[in-house]
Amino acid sequence: MKISEGQLVGKVVGFQNFELTFELTEQEQQVFDAFKADYNIEKLKNMTPQAITKMFLLSDIEKDYETYEALFTTNKNEETESVRRYYEKTKIVRQELFTKEINRLIIANLFAGLEHAEFEQQTDTTGVVKFTSLEGPTELGMEKNAQGIWQPAFSRGIY
């Protein structure tokens with residue numbers, strides 16, 4: 001069976017082989033490894049919101065859902081509960097359909113520019129990691145927990 005070019009127009013989507021533009025520093029990697037050993041949130045005490053965001057995304061790439069969930073905000077409010085419900089609803093898709101390679105491509109695309117991120121604190125307990133991605137200006141919600149540690153309050157979308 002032959003398929004003509006006209007039949008493919010608008011139906012086939014190619015993608016560029018995106019590479020991550022961010023990585024953990026040696027110190028951040030050591031803290032991240034120590035955190036993953038026992039999920040003691042206190043180990044993240046001196047980490048910047050940007051570093052914690054990178055750890056969060058790297059655990060998503062690796063399909064390390066235990067670490068991903070341990071990093072997610074422990075604060076309870078309407079907004080974070082909405083994000084948590086979305087994550088729970090899409091978790092099966094993430095686990096069953098997304099490979100580490102697909103996760104890496106998606107995150108490399110969506111979070112390109114994260115290496116230049118700045119943190120803007122908005123209230124005593126909320127702030128955003130801001131950077132310019134390939135899609136334009138991007139803000140990722142962060143919340144400070146009771147121990148004074150910033151935690152992600154966002155979940156990447158399923159595309």
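Tutor: Start with helix 3 (residues 49-61) and helix 6 (residues 100-110), whose axes come within 8 Å and cross at roughly 145°. Axes here are lines fitted to C-alpha atoms, for helices over the stretch in contact, and angles run from 0 to 180 degrees between N-to-C directions. Helices are DSSP runs of H or I with at least four residues, numbered from the N terminus. This is a predicted model: local features need pLDDT of at least 70, side-chain atom pairs count only at pLDDT 80 or more, and totals for chains, interfaces and linings use all residues. Residues are numbered from 1 along each chain as its sequence is written, and side-chain values use heavy atoms, with hydrogens and water left out.

From helix 3, Leu57, Asp60 and Ile61 are in contact (heavy atoms within 4.5 Å) with Lys100, Asn103, Arg104 and Ile107 of helix 6. Sorted by class, this contact has three nonpolar, one polar and three charged residues. Nonpolar covers Ala, Val, Leu, Ile, Met, Phe, Trp, Tyr, Cys and Pro; charged covers Asp, Glu, Lys and Arg; the others, Gly among them, are polar.

For comparison, most residues other than glycine have a negative phi. Lysine 63 counts as partly exposed because its relative accessibility is 24%, and that class lies between buried (under 20% relative accessible area) and exposed (over 50%), with a 1.4 Å probe and protein chains only.

Methods. Helix = DSSP H or I, 4+ residues; strand = E, 2+ residues; numbered from the N terminus.
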